[in-house]
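Open the model in your viewer and keep the selection tool handy. We will take a short walk, one selection at a time.

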Amino acid sequence: KASDAEKLEKLKEKLVKTKEANAVLKKGLLDKQEECARLEQQLKDKETTLRQQMEEIDTLQFQNGRMSKQLGTLTSQVEELQKQKQQSSWSVGGLISGKQQEAIQKAENDLAVLRDELMMKIQENEDLH
């Protein structure tokens, strides 16, 4: 009977230790589950931010392309107007009509504005990367 009582006592001690270990493991598991959930939320947030930034980059690249085309068109117009200005100044003794001067000035102003906008968009794009 003494050995049965000792065995019973050892089993009780083992049961207590096992329950304590089980409690520690459960707490560890819950902590890890909470950490995993927090990391998953962070990942979702980062993916959302990344998606928004990629959309913004696409928009800026589209706008940059459009502005580059406009810049090319206006540059061509300015060059053409300057060419006409040279030809008209030769043909009419240096006098350019007021309309031509206005058109040249407007094209040069538009060109300057577009160049400035393009440079700002390029800078914004570089800042994003």
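This is a predicted model: local features need pLDDT of at least 70, side-chain atom pairs count only at pLDDT 80 or more; totals for chains, interfaces and linings use all residues.

Residues are numbered from 1 along each chain as its sequence is written, and side-chain values use heavy atoms, leaving out hydrogens and water.

**Stop 1: the core.** Select Met67, Leu71, Leu74, Val78, Leu81, Ile104, Ala107, Leu111, Leu114 and Leu118, the ten residues of the largest nonpolar core. Such a core is a set of buried Ala, Val, Leu, Ile, Met, Phe, Trp, Tyr and Cys residues joined through side-chain atoms within 4.5 Å. Buried means under 20% relative accessible area, exposed over 50%, and partly exposed in between (1.4 Å probe, protein chains only).

**Stop 2: Asn64.** Is Asn64 buried or exposed? Asn64 counts as buried because its relative accessibility is 11%. Beyond neighbours within four places in sequence, Asn64 is in contact (heavy atoms within 4.5 Å) with Leu118, Lys121, Ile122 and Asn125.

**Stop 3: salt bridges.** The whole structure has three, each a side-chain nitrogen of Lys or Arg within 4 Å of a carboxyl oxygen of Asp or Glu.

- Lys27 and Asp31: the closest N and O atoms are 3.2 Å apart. Lys27 is exposed at 51%, while Asp31 is partly exposed at 37%.
- Lys32 and Glu35: 3.7 Å, N to O.
- Lys106 and Asp110: 2.9 Å, N to O. Lys106 is exposed at 52%, and Asp110 is partly exposed at 28%.
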